[in-house]
Each structure stands twice: as C-alpha cells, then as structure tokens.
Amino acid sequence: QLRLVESGGGLAQPGGSLRLSCVASGFILDAYTIGWFRQAPGKEREWVSCISRIGGTTNYANSVKGRFTISRDNTKNTAYLQMNSLKPEDTAIYYCAAEPSDNHACDRSDYHYNYQYNAWGQGTQVTVSS
C-alpha cells in the first residue's frame with residue numbers, strides 16, 4: 001500500500017528555519033518525481049518545489065527560490081524540504097506528493113501542478129509567526 005508521511009512542521013519565527021521530511025512506504029521512491037505543495041487557509045493548493053527521480057534536477061516556485069531547498073535520499077526512501085528565512089506568508093499546510101515518471105519530469109511544467117500527482121501525504125502544518 002503506497003503511503004507518504006510528512007513530518008517536521010511546527011511553529012517558527014520569521015527568519016527561522018524548519019526541515020520537513022516525507023517518508024515513503026509501500027513503494028520504491030527512486031522511481032518517482034517528488035513534489036512539495038502547500039495550502040494556506042482560504043487559498044488553493046500551490047506548488048512549491050519538485051525534484052527528479054535521482055535528484056539531478058530541482059525546481060522552485062519564485063516565492064521560495066533561494067530560501068527553500070528540496071532534496072532526497074533514495075536509500076532512506078525519504079524526501080526533504082529545508083526551509084530557511086521563513087516568512088509569515090509561508091504559513092500553510094505542506095504536502096509531499098509522488099508520481100512515477102522519467103528522470104526529466106521535474107523540468108516539465110505539468111509537474112508543477114497538483115493534478116499530475118496521484119500519491120499524497122496527509123500534510124504537516126507550518127506556522128511562521130512572532
């Protein structure tokens with residue numbers, strides 16, 4: 001049974017950092033492109049970042065570029081989202097998602113949309129506030 005579980009969310013001060021983890025079970029993560037998305041209250045879910053199957057390609061939304069870093073450790077079946085210089089507008093529930101794909105999928109714009117992904121975690125809350 002395919003499952004994704006996020007962790008690492010919590011409360012951070014503006015300018016602070018958090019590291020989110022996404023652990024996969026029931027499937028081998030290295031066959032999948034990983035995406036991170038977030039959804040703030042009253043807003044639609046938005047794409048944050050993606051990483052290719054073996055990690056050679058990463059892409060970021062403009063709102064997080066230079067502050068967030070996506071990575072993966074396929075030996076641990078885990079993906080990460082390091083979030084630095086956090087801002088109040090980063091407050092949201094963060095979701096990881098996975099989709100089996102070729103190794104160049106993250107370069108394609110369709111992998112920046114939630115409809116492309118069929119496996120989702122339950123989300124982890126990130127709150128940035130002083």
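**Cysteines, sheet and core**

Mentor: C22 and C96 are both buried. Buried means under 20% relative accessible area, exposed means over 50%, and partly exposed is in between (1.4 Å probe, protein chains only). The model is predicted, so local features need pLDDT of at least 70 and side-chain atom pairs count only at pLDDT 80 or more, while totals for chains, interfaces and linings use all residues. Residues are numbered from 1 along each chain as its sequence is written, and side-chain values use heavy atoms, with hydrogens and water left out.

Trainee: What do C22 and C96 form?

Mentor: A disulfide, with the sulfur atoms 2.0 Å apart. The rule for a disulfide is a pair of cysteine sulfur atoms within 2.5 Å. The angle about the S-S bond is 65°, and the link of C22 and C96 is right-handed. C22 sits in strand 3 and C96 in strand 9, so this pair links distant parts of the chain, 74 residues apart.

Trainee: And what is a strand by that count?

Mentor: Strands are DSSP runs of E with at least two residues, helices are runs of H or I with at least four, and both are numbered from the N terminus.

Trainee: How many disulfides are there by the rule?

Mentor: Two. The other joins C50 to C106, S to S 2.1 Å. Its torsion about the S-S bond is about 90°, so this disulfide is right-handed. C50 lies in strand 5 and C106 in the loop between strand 9 and strand 10 (119-120), so the pair ties together parts that are 56 residues apart in sequence. C50 and C106 are also buried. With the bonded cysteines numbered in sequence order, the pairing is 1-3, 2-4.

Trainee: Back to strand 5, then. Is strand 5 mostly covered or mostly open?

Mentor: Mostly covered: five of the six residues in strand 5 (residues 46-51) are buried.

Trainee: Which strands pair with strand 5?

Mentor: Strand 4 (residues 32-39) pairs with strand 5 in the antiparallel sense over five bridges. Strand 6 also pairs with strand 5 in the antiparallel sense, over three bridges. Two strands count as paired if DSSP finds at least two bridges between them. The bridge partner of G35 in strand 5 is C50, the cysteine joined to C106. S49 has Y60 in strand 6 as its bridge partner.

Trainee: What is in the turns?

Mentor: Strands 4 and 5 form a hairpin with six residues between them, and G42 in that turn has a positive phi of about 75°. Strands 5 and 6 form a hairpin with six residues between them, and there G55 has a positive phi of about 85°.

Trainee: Changing topic. In what order do the strands of the open sheet run?

Mentor: Four strands form it in the order 1-3-8-7, with antiparallel pairing. Strand 1 (3-7) and strand 7 stand at the edges with a single partner strand each, so one side of each has no neighbour in the sheet. From one strand to the next the twist averages 15°. For such angles, axes are lines fitted to C-alpha atoms (for helices over the stretch in contact), and angles run from 0 to 180 degrees between N-to-C directions.

Trainee: How many bridges hold strand 7 and strand 8?

Mentor: Six, in the antiparallel sense, with strand 8 covering residues 78-83.

Trainee: Where is R67, and is R67 buried or exposed?

Mentor: R67 is in the loop between strand 6 (58-60) and strand 7 (68-73). At 11% relative accessibility, R67 counts as buried. Beyond four places in sequence, R67 has contacts including M83, L86 and D90. Contact means heavy atoms within 4.5 Å.

Trainee: And which residues touch the most other members of the largest nonpolar core?

Mentor: L4, W36, F68, L81, M83 and Y94, out of 38 residues. A nonpolar core is a set of buried Ala, Val, Leu, Ile, Met, Phe, Trp, Tyr and Cys residues joined through side-chain atoms within 4.5 Å. Strand 9 gives the largest share, five residues. F68 touches, among others, R38, V48, L81, M83 and Y94, leaving out residues up to four places away in sequence.

Trainee: One more on strand 9. How buried is A97?

Mentor: A97 lies in strand 9 (residues 92-100) and has a relative accessible area of 0%. Among its contacts beyond four places in sequence are L4, F37 and W120.
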